[in-house]
Amino acid sequence: MAEPYDRWHKKRPQPGDEKCTTHGKVPSREHGRGKRWLARWRDPEGQQQSESFIRYEDARQHLTRMLGAVDDGTYIAPKKGDTLLKTIAEQWLANQTFGNPRTYHQYESRVRNHIIGPLGGLKLREVKASTVQTWIKRRLQVLDETTVGLIFTHLSSILAMAVDDDLIPKNPCETGRSSA
């Protein structure tokens, strides 16, 4: 099993290199700068990917998850989740077709005012089931239940498109009982 890489210490120190007093190992040029532990793996295309962590255990767990996902075919590059919800919502809206222009304007108004407005600045990976539940609660303070249900359907469809595009592994709207 692959292990996280220690960025702060040399893997192959030279004889006579001085050890740091804190860790008892030979320091690298990166010693004390940034996050210490680097989880490195190869994605399904063979490209090296990495993510840094402060704690060894966090890096090890992440590395185990990434390698498992590559092996079982469910791998989604973590950086894809950095896409803003606003970007995907606008793309989803642009892909909708309606016979009546008024219908498009109703959709556009609901998405801009009630999805992009409160949630658009979030990265896709930051949208969790709890985020959706809090959003529903806040929407119910200003809208009736039927309208919130309709807008929730739009949000769920937007996030389903993000899942289909391999930007996130699952739709947070489909977790548990988070609908209005």
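1. In this predicted model, Asp-6 has Trp-37 of strand 2 as its bridge partner. The pairing behind this contact joins strand 1 (residues 5-6) to strand 2 (residues 37-42). The sense is antiparallel, with two bridges.

2. Strand 2 also pairs with strand 3 (residues 48-53). Again the sense is antiparallel, here over six bridges. Within strand 3, Ser-52 lies opposite Leu-38.

3. The hairpin of strand 2 and strand 3 leaves five residues between the strands. Gly-46 in this hairpin has a positive phi, near 85 degrees.

4. Helix 5 covers residues 145-164, 20 residues in total. From first C-alpha to last it reaches 28 Å, close to the 28 Å expected at 1.5 Å a residue.

5. Look next at the ends of helix 5. At its start, a side-chain oxygen of Asp-144 comes to within 3.0 Å of the backbone nitrogen of Thr-146. Just after the helix, Asp-166 adopts a positive phi of about 60 degrees.

6. Which residues of helix 5 are buried? Among them are Val-148, Ile-151, Phe-152, Leu-155, Ile-158 and Leu-159. The list also includes His-154 and Ser-156. The buried residues of helix 5 pack against helix 2 (85-95), helix 3 (101-119) and helix 4 (129-140).

7. Now the cysteines. Cys-20 counts as buried because its relative accessibility is 12%, under the 20% cut-off. Cys-173, at 7%, counts as buried too. A disulfide needs a pair of cysteine sulfur atoms within 2.5 Å, and by this rule the count is zero.

Definitions and conventions
Residues are numbered from 1 along each chain as its sequence is written. This is a predicted model: local features need pLDDT of at least 70, side-chain atom pairs count only at pLDDT 80 or more; totals for chains, interfaces and linings use all residues. Side-chain values use heavy atoms; hydrogens and water are left out. Buried means under 20% relative accessible area, exposed over 50%, partly exposed in between (1.4 Å probe, protein chains only). Helices (H or I, at least four residues) and strands (E, at least two) are DSSP runs, numbered from the N terminus. The expected span of a helix is 1.5 Å times one less than its number of residues. Contact means heavy atoms within 4.5 Å. A polar contact is a pair of N or O atoms within 3.5 Å; within protein, one must be able to donate a hydrogen and the other to accept it, and residues adjacent in sequence count only if both atoms are side-chain atoms. Two strands pair if DSSP finds at least two bridges between them.
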